[in-house]
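Notebook open, model loaded. I want to go through the chains one at a time and then see how they meet.

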Amino acid sequence: MNKVAQMIIVLTSIGIISGGLLAIVSGWADPLIAANQKAETEAAIFRVQPDGKKYQQVENSGFELYKVMNENNQTTGYALVYEGNGFSGKIRLIAGLSDDLNNISAIEILEQVETPGLGTKITEEPFTSQFKNLETNPKIDWVKGEKPDKSNEIQTITGATISSKAVVAILNDGISRLKKLRDNGGLK
Amino acid sequence: MKKQVTLSKEFFKGVWDNNPVLKQLLGLCPTLAVTVSAINGLAMGLAATFVLVMASLLISSIRKIIPAQVRIASFIVIIATFVTIVDLVMKAKFPDLSKALGPFIPLIVVNCVILGRQEAFASKNNPGRAFLDALGMGTGFTIALLVLGGIREIIGSRTFFGIQIMPDQFEPWLIMILPAGAFLTLGLILGAVNVYIDRKKRLEHESIIAHYKRVGREELIEELEVK
Amino acid sequence: MELFIIFISAALVNNFVLAYFLGICPFVGVSNKLSSATSMGMATTFVMVITAIVSWLLYNLVLVPYNLAFLQIPSFILVIASLVQFVEMVIKKVSQPLYRALGIFLPLITTNCAILGLALFGSMREYNFLENVIFGLGAGAGFTLALVIMAGIREELDLADVPKPFQGAPITLIVAGILALAFMGFAGMI
């Protein structure tokens with residue numbers, strides 16, 4: 001009896017103390033973590049929309065979408081966060097789009113698990129800078145092993161064709177959904 | 001009566017003689033997973049050392065009131081609490097590092113080094129000794145991770161702690177930062193450690209034989225050979 | 001389709017053992033005989049699927065609604081430990097042959113980081129219930145596959161002339177490295 005009581009008391013008090021301690025620590029850390037995440041998203045939005053000064057999340061769009069404005073509250077464009085399958089897992093990216101959705105201002109890869117040294121080149125120059133001012137109509141296309149000659153084409157990375165194509169496919173998918181949303185009046 | 005070990009030995013046994021990674025092969029999951037760079041290895045090593053030291057101190061101070069039947073459960077809850085604290089602090093203060101180490105900080109809970117030291121040492125010794133033991137084991141663990149991470153970073157991405165130290169002409173070996181590189185490097189390091197130990201043993205053996213020869217007691221040599 | 005991708009990804013492309021290094025301890029420890037590797041793999045898969053179910057329910061029905069996400073690690077590990085104990089008791093009651101086959105491996109599974117890793121990955125990636133179960137099944141299948149292949153190689157390795165300092169763990173790790181390289185061939189399937 002004594003043994004059992006001791007077991008229960010010790011385990012319960014360890015549980016309560018640890019729960020209480022964690023509640024205190026997480027009460028301190030949670031606002032900081034949330035602030036970190038917010039700062040990260042904010043920085044990414046302004047990197048893909050360099051002229052933007054303010055932003056506002058578009059509600060009820062079904063995906064993560066931000067409307068970006070300059071200091072006079074004029075809309076400069078949109079920032080779209082979208083994800084899809086890459087070579088060995090999910091690729092998550094943010095793309096800046098012009099107000100009429102016809103041009104990309106810049107893209108940035110937020111998360112990826114591609115092959116180090118090969119697929120991870122999608123996060124670096126010169127691949128990402130190819131998307132600057134790229135046309136999105138009728139859709140983004142890619143060429144392999146040669147310089148692109150149309151204004152809606154990019155060149156895939158040697159040794160990482162699938163990863164490069166995945167980025168293009170994710171962008172096309174996200175932008176076409178965005179255009180559909182606009183045509184249905186969801187961006188007002 | 002158990003022979004008391006000196007305090008410095010309590011610390012240094014974990015660094016080399018009983019190094020958790022190189023000699024006991026414990027805690028291999030985080031060792032292999034996070035060591036793509038020296039900084040990751042160091043961060044993981046320090047995080048695990050912090051948890052190990054705190055848990056050992058606490059558990060050895062309350063070792064007398066924990067009933068034997070529920071000791072493992074108590075150890076796990078205490079370890080998990082410290083791990084969560086480390087995880088939250090890292091997320092709040094070092095978001096980049098926390099992203100790089102990903103889910104491997106929470107997985108410190110099931111790192112066999114930590115639970116193993118509680119069961120084998122902290123629950124049987126006073127807080128002072130438990131502290132030294134934990135600090136030694138943690139140091140050994142951190143050194144092993146740092147060495148592995150350093151080798152993989154230098155050969156795999158030409159850098160050490162992010163600073164380029166290999167010439168541009170050196171083409172980085174991608175395999176070193178791939179999962180396969182972790183297995184291969186650790187396998188080779190373990191092999192090298194074994195080679196070193198074998199050599200040391202042989203030299204010791206030879207010096208004993210030489211000593212016996214000098215004092216003219218050949219019959220002891222035969223005894224040694226049999227052993 | 002999404003479910004199939006999750007399964008393939010967990011089993012082959014991002015194999016728990018060879019790409020995420022989860023469950024290395026049993027991988028090095030139990031992979032020297034084909035028969036015990038198969039049993040260990042099956043026991044682990046079994047526990048993984050149940051863990052996927054229980055951890056999802058715990059996280060999404062208790063921890064998130066009550067703002068207790070900071071208790072995730074302690075609660076997951078306690079649930080896994082009691083789950084393994086419970087499964088052991090049930091198997092012992094229900095089927096003696098199964099208990100004899102899996103029994104001794106079950107206690108080892110508690111400290112297998114692959115199980116906790118599975119629970120943590122599942123909540124991190126915000127899978128829905130069905131996706132999480134499939135993820136558990138895929139991870140278990142991948143673990144079993146890696147373990148069985150390794151055991152097959154190690155049985156042959158006993159006959160090979162390995163330099164003495166490399167016998168045991170070092171050569172096992174080197175073989176695992178080559179295996180990890182081979183598994184990289186699965187990338188691109190998703």
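**Chain C, burial and build.** I started with burial: 49% of the 190 residues in chain C are buried. This is a predicted model, so everything I note here is computed from predicted coordinates. Next I looked at secondary structure and found 9 helices and 0 strands in chain C. Reading along the sequence, I get α-α-α-α-α-α-α-α-α.

I then checked the overall dimensions. The C-alpha atoms of chain C fill a box of roughly 60 × 45 × 30 Å along the principal axes. Does the radius of gyration agree or disagree with a compact globule? It agrees, because a compact globule of 190 residues would come out near 16 Å and chain C has 17 Å. I also looked at how far apart in sequence the contacting residues are. Of the contacts in chain C with a separation of 6 or more, 81% are between residues 24 or more positions apart.

**Chain C against chain B.** I went to this contact next and counted 32 residues of chain C touching 31 residues of chain B. Which helices of chain C each supply at least two residues to that side? I listed helix H2 (24-29), helix H4 (72-94), helix H7 (113-124) and helix H9 (169-183). H9(C) gives the most, with 9 residues. I sorted the chain C side by class and got 29 nonpolar, 3 polar and no charged residues.

**Chain C against chain A.** Here I found 10 residues from chain C and 11 residues from chain A in the contact. On the chain C side, helix H1 (residues 2-13) gives the most, with 3 residues. By class, that side of chain C has 7 nonpolar, 3 polar and no charged residues.

**The nonpolar core.** I looked up the largest nonpolar core and found 165 residues in it. Nonpolar side chains tend to be buried together in soluble globular proteins. The residues with the most contacts inside this core are B:Val51, B:Ile79, B:Val83, B:Val109, B:Phe183 and C:Leu116. Helix H4 (residues 71-93) of chain B gives the most to the core, with 13 residues.

What does B:Val51 touch, leaving out residues up to four places away in sequence? I wrote down B:Ile79, B:Phe82, B:Val83, B:Val86, B:Ile108 and B:Ile114.

**The sheet in chain A.**

I zoomed in on one strand pair. E4(A) and E5(A) run antiparallel and are joined by 6 bridges. One position I followed was A:Leu93, whose bridge partner in E5(A) is A:Ile109.

What lies on the sheet?

Most residues other than glycine have a negative phi, and most peptide bonds are trans. I therefore listed the exceptions, with that general rule in mind.

- The peptide bond from A:Glu125 to A:Pro126 is cis, with omega near -5°.
- A:Pro126 sits in the loop between strand E5 (104-111) and strand E6 (141-143) of chain A.
- A:Asn137 and A:Pro138 are joined by a cis peptide bond too, with omega about -10°.
- I placed A:Pro138 in the loop between E5 and E6 of chain A.
- A:Asn73 has a positive phi near 65° and is not a glycine.
- A:Asn73 lies in the loop between strand E2 (64-69) and strand E3 (75-85) of chain A.
- A:Leu101 has a positive phi of about 65°, again in a residue that is not glycine.
- A:Leu101 lies in the loop between strand E4 (90-98) and E5 of chain A.

A:Leu101 has 19 other C-beta atoms within 10 Å, so I put it down as partly exposed; the cut-off for buried is 20 or more.

Notes: Residues are numbered from 1 along each chain as its sequence is written. Chains are lettered from A and ligands numbered from 1 in the order in which they are written. This is a predicted model: local features need pLDDT of at least 70, side-chain atom pairs count only at pLDDT 80 or more; totals for chains, interfaces and linings use all residues. A nonpolar core is a set of buried Ala, Val, Leu, Ile, Met, Phe, Trp, Tyr and Cys residues joined through C-beta atoms within 7 Å. A residue is buried if 20 or more other C-beta atoms lie within 10 Å of its own, exposed if 12 or fewer, and partly exposed in between; C-beta atoms are placed from the backbone. Helices (H or I, at least four residues) and strands (E, at least two) are DSSP runs, numbered from the N terminus. Two residues are in contact if their C-beta atoms, placed from the backbone, lie within 7 Å. Ala, Val, Leu, Ile, Met, Phe, Trp, Tyr, Cys and Pro count as nonpolar, Asp, Glu, Lys and Arg as charged, and the others, Gly among them, as polar. The radius of gyration is taken over C-alpha atoms; the globule rule is 2.2 Å times the number of residues to the power 0.38. Two strands pair if DSSP finds at least two bridges between them.
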